[in-house]
Amino acid sequence: LISQIILYSNWLDSLFQYDKNDKNNILGICKIYFSSIFLGMLCGFIIGASNICKKYKEINDKNDITDYVFLSSNASCGFVIGCVGATLFNDIKIGIFLYISQLCFSVFLYLIFKSKKQYKNDITSIYNREAWIKILSKSIKQASDSMLSICSFTIVFRALISLLNLFVNKRNNVFINSVISSTFEFTSGVFSSIQIKN
């Protein structure tokens with residue numbers, strides 16, 4: 001909800017404003033995508049990737065969406081630090097290390113695979129400034145849609161995991177369970193793989 005409010009209110013856009021004549025944007029990223037990439041790195045791939053897709057529909061540049069998927073498709077700070085680090089490993093430092101590592105690796109992949117195309121710096125945000133009540137209502141709707149999507153996919157794939165474990169993994173082998181879980185659903189895969197001793 002907070003990330004949607006930030007996007008719709010254009011709070012981050014003022015931080016990423018560049019001179020139209022300046023060709024040296026950070027890492028060669030078009031400024032219209034900065035807020036989505038930043039929120040994707042902080043709040044997770046659902047926020048970043050979905051907002052880049054919305055902007056892609058408006059701007060219709062396939063190179064942008066292909067390049068920026070590397071930067072915006074990360075697990076959220078809360079999941080990696082809180083869930084993986086603090087809950088699974090009982091050490092928040094491991095979570096911070098994993099979170100920073102995935103961000104560095106995503107930048108590394110972006111630099112390797114990005115297109116050589118020069119981006120224009122004079123593109124403005126597709127989100128217009130609106131009244132606070134409109135921003136809040138749109139944010140609540142978007143956040144609710146995202147949560148329903150996440151929950152429905154999780155329920156469907158967890159049901160599929162349970163069915164596969166019934167038929168394939170009759171001996172209830174932890175290794176087979178974690179392979180099936182991590183193939184079909186990310187969170188189940190993390191929790192089942194932590195049960196493997198080695």
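How much accessible surface does the protein chain have, and what share of it belongs to carbon and sulfur atoms?

**Figure 1. Surface and make-up of the protein chain in a predicted model.** The accessible surface of the protein chain comes to about 12,200 Å², and 66% of this belongs to carbon and sulfur atoms; such areas come from the Shrake-Rupley method with a 1.4 Å probe, and for residues only the protein chains shown count as cover. Of the 198 residues, 37% are buried, that is, under 20% relative accessible area (1.4 Å probe, protein chains only). The model is predicted, with pLDDT of at least 70 needed for local features and 80 or more for side-chain atom pairs, whereas totals for chains, interfaces and linings use all residues. Residues are numbered from 1 along each chain as its sequence is written, and side-chain values use heavy atoms, with hydrogens and water left out.

**Figure 2. Helices of the protein chain.** The chain has nine helices and zero strands, where helices (H or I, at least four residues) and strands (E, at least two) are DSSP runs numbered from the N terminus.

**Figure 3. A nonpolar patch on the surface.** Helix H7 (132–168) and helix H8 (174–184) each supply at least two residues, and the largest share, four residues, comes from H7.

**Figure 4. Phe167 in helix H7.** Phe167 counts as exposed because its relative accessibility is 63%, the cut-off for exposed being over 50%.

Terms used. Patches are made of residues with over 30% relative accessible area and no salt bridge: like charges are joined within 9 Å, nonpolar side chains (Val, Leu, Ile, Met, Phe, Trp, Tyr) within 5 Å. A salt bridge is a side-chain nitrogen of Lys or Arg within 4 Å of a carboxyl oxygen of Asp or Glu.
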